[in-house]
Amino acid sequence: MGQSPPVVLGRVNSLCDSFTFLSSSAFISGEGFRDQIAVEIVDYTAELPDECLAFVFQFLGPGDRNRCSLVCKRWFRVDGWSRHRLSLNAQSEIVSSLPSLFTRFDSVTKLALRCSRKSISLTDDSLLTISIRCRNLTRLKLRGCREITDEGMSTFAKNSKKLRKLSCGSCMFGAKALNAVLDHCANLEELSVKRLRGIHDGAEPIGPGAAASSLKMICLKELVNGQSFAPLVVGSKNLKTLKIIHCLGDWDSVLQLIGNRNQNYKENLNCDINYGSSDSNSNPLMEIHLERLQVSDIGLSAISKCTKIENLHIVKTPECSNYGLVCVAENCKLLRKLHIDGWRTNRIGDEGLIAVAKHCSNLQELVLIGVNATHVSLSAIACNCSKLERLALCGSGTIGDTEIACIAAKCMALKKLCIKGCPISDIAIEALGSGCPNLVKIKVRKCRGVSSDAGEWLREQRGSMLINMDACDTDCGFEASVSDIGVHETGVEVGQVTAVGASTSSNGRLALLRSKLGHFAGRNLVACTLRRWSNCDDNLNINL
């Protein structure tokens, strides 16, 4: 192992000789030094085409690209014309630098302008300069640009006809600016609006405009009068995704307009088919997010007319109940992802979930937060939703060992499971040790009845499974966002816990756990529970 001493000494002597040679006054003062250096310094990227160098730059982050641009003039030039995404601190001090900035970066297609609350942002004149310099702009994000007015956005829209995505938040312009964008940017596909000060009570209606045929996604967040977007939402023929989050006012009437539009679309489509023609460019809504809204069962029954919905989020809407969920389940049979945050109001429970199990056999992802489901509904879902792969159960006081045993026995396709704030114990962990054969990730948080020994035992039983339990002592640092299991509101993450250097004390705890589990197994408690839920409950009478 390693190098022999003579080899190491030889290298040291060689380095010493080189140092003596370089430090000699004759060499340093002579012309040979510059000639030697000129020969030794070789730019190996000189033969590399500019296009290949630009391709390499695409794999670097903004900071690394900035540093690379300082290497030489060529890299500076290539970085300039190959950079398509730019994010700027949009303070007023940057105005004088805009011409030279966009002379260098003349191929920008995605631009983000952000300004802090304590600073003065860019003005309409600066936005006009950007629109003239960036003729190929397809994406624009504005954050905190409070000095931009309706007139500035209108002028920008006239010069940015290739714009496809617009996201604006905490700005002062309003309906007039957005209508100008919708009129002039006919290729607009995504519109995200958050906390716009200019949209208030009494604001003029927004849309639909020339972009009505191209819009595919609309996201409205924290608006005082978001209902002014109703003409745009209803008039967007190809709209696939609608997200309405924390907007004031009653939204039932808007959702009724959406449902009626979709029903009229279906009737017209049936007529076209009967007469031998159809509009293939019209696509109904497929994804709807309703979060922290004043929405009741009237609104849910209205969106149930959108029968092509595959992804539905009903989050913190306290007026929604089982009745509305039943309407959605009976009509939206293509549902694949369902997120429900009942806010612990007990208005959505077994009745609505049984309807989902009966009609939505394609369900792949189910997230229940603050929903007091029991083994009755969970058994129905486990029996009839054979494609269920991701399940999250959070903040429910009725989900215990029996419910988890039911899931372990019947959810054969389940791959990811999250349990948070539920009254389960080590018995539930034992059930998961032998159930759900395809389970690859599990997370258990804030479940006081689960001990750290249970996690170690489960890891021993299912060595390939990624486990994250807050009661465990070790964590390998595996981090994944909640989107892995479809939970966004709870901040849940799926992680991995590894057993590295288990101590004697942990072995003692494992032995104690095994004795406890053996005691339960001797009474066949878990085994009986698993057998109990191995078959569908005959009382449910669910026929798909």
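Which residues does Val193 touch, not counting residues up to four places away in sequence? They are Cys168, Leu178, Ile199, Cys219, Leu220, Lys221, Leu223 and Phe229. Touching, or contact, means heavy atoms within 4.5 Å.

A word on the model before I go on. It is predicted, so local features need pLDDT of at least 70 and side-chain atom pairs count only at pLDDT 80 or more, while totals for chains, interfaces and linings use all residues. Residues are numbered from 1 along each chain as its sequence is written, and side-chain values use heavy atoms, with hydrogens and water left out.

Now the overall picture. The protein has 21 helices and 15 strands. Those are DSSP runs, numbered from the N terminus: helices are H or I with at least four residues, strands are E with at least two. Of the 544 residues, 47% are buried. Buried means under 20% relative accessible area, exposed means over 50%, and partly exposed is in between, with a 1.4 Å probe and protein chains only. Take the contacts with a separation of 6 or more. Residues 24 or more positions apart account for 75% of them.

Next, the cores. A nonpolar core is a set of buried Ala, Val, Leu, Ile, Met, Phe, Trp, Tyr and Cys residues joined through side-chain atoms within 4.5 Å. The largest one has 124 residues. Val193 is among those with the most contacts inside it, along with Leu111, Leu113, Phe173, Leu178, Leu188 and Phe229. Helix H10, residues 175-184, gives this core its largest share, five residues. There is also a second, separate core of six residues, including Leu53, Phe57, Trp75 and Val78. As background, nonpolar side chains tend to be buried together in soluble globular proteins.

Two residues of that second core, Leu53 and Phe57, bring us to helix H4, residues 50-57. Leu53, Ala54 and Phe57 are buried there. They cover an arc of only 100 degrees around the axis, so they sit on the same side of H4. The arc is that of the directions from the helix axis to the C-beta atoms. The buried residues of H4 pack against helix H5 (62-68) and helix H6 (73-82).

On to helix pairs. Back to H10, with helix H9, residues 150-159. Their axes come within 8 Å and cross at roughly 5 degrees. That makes H9 roughly parallel to H10. Axes here are lines fitted to C-alpha atoms, for helices over the stretch in contact, and angles run from 0 to 180 degrees between N-to-C directions. Under 35 degrees counts as roughly parallel, over 145 as roughly antiparallel, 65 to 115 as roughly perpendicular, and the rest as oblique. H9 brings Asp150, Glu151, Met153, Ser154, Ala157 and Lys158 to the contact. H10 brings Lys176, Ala177, Ala180, Val181 and His184. By class, that is five nonpolar, two polar and four charged residues. Ala, Val, Leu, Ile, Met, Phe, Trp, Tyr, Cys and Pro count as nonpolar, Asp, Glu, Lys and Arg as charged, and the others, Gly among them, as polar.

Asp426, Ile429, Glu430, Leu432 and Gly433 in H18 meet Ala454, Trp457 and Leu458 in H19. The classes are five nonpolar, one polar and two charged. Eight of the 10 residues of H19 are buried, so H19 is largely enclosed by the rest of the structure. Among them are Asp453, Glu456 and Arg459.

Pro423 is partly exposed, at 48% relative accessibility. Beyond four places in sequence, Pro423 is in contact with Ser396, Gly397, Ile399, Gly400 and Asp401. The C-alpha atoms of Pro423 and Cys447 are separated by 6.1 Å, at 24 residues apart along the chain.

Last, the backbone. Most residues other than glycine have a negative phi, and most peptide bonds are trans. The bond from Gly207 to Pro208 is cis, with omega near 0 degrees. Pro208 lies in the loop between strands S5 (190-194) and S6 (217-221). Lys316 has a positive phi, near 55 degrees. Arg344 also has phi near 55 degrees. Buried or exposed? Lys316 counts as buried, at 18% relative accessibility. Arg344 is exposed, at 62%.
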